[in-house]
Amino acid sequence: MSPEPPPPEIAGPPDPPGVVAPENYPFWSYLDLAGFVIIALLALLVESLLATALLSVVHVRKFWIELPDQLLLYGFLLWLLSVIFRRYYGRPFWQSLRWVPTGLSMPALLTCGVLLGFGVMAASVLLKTPDIDSPMKELLSDETSVVLIAVFGTTLGPLCEEILFRGFLQPLLVRSLGAVPGVVMAAIPFGLLHLQQYGNSWRHVLLITLAGAAFGWMRYRTGSTKAAVIMHAAYNGVFFVLLAVQQAAPHAL
């Protein structure tokens with residue numbers, strides 16, 4: 001008598017379209033990250049050279065050149081991520097970056113961002129962070145630039161930064177190193193990104209790194225990059241509101 005063939009393997013239900021199986025996440029690799037970083041650094045160099053060339057020809061405030069340049073750079077980097085996800089892996093952009101429901105209410109996320117803002121200000125006092133002349137302070141020297149940067153800093157800025165650092169970089173680091181080291185290691189380049197903006201002040205970079213770690217923990221705990229974006233936007237909003245009040249105070253006297 002011939003042996004009976006083994007029963008056919010029963011396949012489970014397929015994953016819903018656009019959903020990445022948890023055990024395969026993140027599906028991209030450090031090779032993808034390395035390629036992305038190299039191209040991003042080249043794009044940053046091109047942006048810097050372009051801004052310098054334009055400023056030598058068009059005599060306007062640096063703000064009117066640097067802000068559009070920043071928008072173009074962020075747009076290019078997001079497009080580059082979409083190429084990695086869609087062309088090389090056939091995966092959807094937003095779902096891959098965990099743009100999913102936050103699990104927390106909007107007021108709760110906004111409150112977390114506001115409390116973080118005041119916490120960072122308290123830490124700044126403890127660190128005796130100096131009030132230095134920096135490119136960021138120069139950009140915020142008049143009402144028009146404050147308004148435009150405030151809009152950017154509470155919308156596209158947090159969106160792009162959180163997608164890059166908490167959506168793309170952090171999942172790789174958390175998978176390799178664990179939750180706490182991964183969150184911290186993703187926050188360090190986030191802080192260093194702002195080094196030049198704040199006059200190479202290590203205290204400012206440390207504070208921004210701490211804020212980045214808080215955004216990263218929110219991303220990790222909720223599993224949602226959207227949650228980190230909302231918290232980041234509220235955090236930035238605290239400083240813009242206080243700056244607006246500070247600038248309005250002399251006119252009220």
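Me: What does Thr225 touch, and is Thr225 buried or exposed?

Reply: The model is a predicted one, and what follows should be read as a description of that model. Thr225 belongs to helix α10, which spans residues 225-252. Thr225 is buried, because its relative accessible area is 0%. Setting aside residues up to four places away in sequence, Thr225 touches Leu97, Arg98, Trp99, Glu162, Ile163, Arg166, Gly167 and Arg219. One of these partners, Arg219, also makes a side-chain to side-chain polar contact with Thr225, at 3.0 Å.

Glu162 and Arg166 form a salt bridge in which the closest N and O atoms are 2.7 Å apart. A search of the whole structure finds 1 salt bridge. Both residues sit in helix α7 (residues 156-177), 4 residues apart, which is about one turn of the helix. An α-helix has 3.6 residues a turn, so residues three or four places apart point the same way. Glu162 counts as buried because its relative accessibility is 0%. Arg166 is likewise buried, since its relative accessible area is 0%.

Next comes the loop between α3 (93-96) and α4 (106-127), where Pro101 is located. Thr102 lies in the loop between α3 and α4 as well. Thr102 has a relative accessibility of 11% and therefore counts as buried, whereas Pro101, at 69%, counts as exposed. A polar atom of the Thr102 side chain lies 2.7 Å from the backbone oxygen of Leu104. Leaving aside neighbours within four places in sequence, Thr102 is in contact with Leu109, Thr222, Ser224, Lys226, Ala227 and Ile230. Pro101 and Gly223 are 122 residues apart in sequence, yet their C-alpha atoms are 8.8 Å apart in space.

Now the chain as a whole. The protein chain has 10 helices and 0 strands. Of its 253 residues, 40% are buried. Among contacts with a separation of 6 or more, 77% are between residues 24 or more positions apart. The chain exposes about 14,600 Å², and carbon and sulfur atoms supply 70% of that area.

Part of the surface is a nonpolar patch formed by Leu177, Val180, Val184, Met185, Ile188, Leu192, Trp217 and Tyr220, which together have about 710 Å² of accessible area. Helices α8 (179-193) and α9 (202-222) each supply at least two residues of the patch. The largest share, 5 residues, comes from α8. Val184 is found in α8 and counts as partly exposed because its relative accessibility is 38%.

Helix α6 (residues 143-153) has a buried set made up of Ser145, Val146, Ile149, Ala150, Phe152 and Gly153. These residues cover an arc of only 160° around the axis, so they are on the same side of α6. On the other side of α6, Glu143 and Val147 are exposed.

Some backbone details remain. Most residues other than glycine have a negative phi, and most peptide bonds are trans. The peptide bond from Tyr25 to Pro26 is cis, with omega near -5°, and Pro26 is in the segment before α1 (30-57). Lys128 is not a glycine but has a positive phi of about 55°. Lys128 lies in the loop between α4 and α5 (135-139) and is exposed, because its relative accessible area is 68%. Asn200 also is not a glycine and has a positive phi, of about 60°. Asn200 is in the loop between α8 and α9 and, with a relative accessible area of 55%, is therefore exposed.

Key
Residues are numbered from 1 along each chain as its sequence is written. This is a predicted model: local features need pLDDT of at least 70, side-chain atom pairs count only at pLDDT 80 or more; totals for chains, interfaces and linings use all residues. Side-chain values use heavy atoms; hydrogens and water are left out. Buried means under 20% relative accessible area, exposed over 50%, partly exposed in between (1.4 Å probe, protein chains only). A polar contact is a pair of N or O atoms within 3.5 Å; within protein, one must be able to donate a hydrogen and the other to accept it, and residues adjacent in sequence count only if both atoms are side-chain atoms. Contact means heavy atoms within 4.5 Å. A salt bridge is a side-chain nitrogen of Lys or Arg within 4 Å of a carboxyl oxygen of Asp or Glu. Accessible areas come from the Shrake-Rupley method with a 1.4 Å probe; for residues, only the protein chains shown count as cover. Patches are made of residues with over 30% relative accessible area and no salt bridge: like charges are joined within 9 Å, nonpolar side chains (Val, Leu, Ile, Met, Phe, Trp, Tyr) within 5 Å. The arc is that of the directions from the helix axis to the C-beta atoms.
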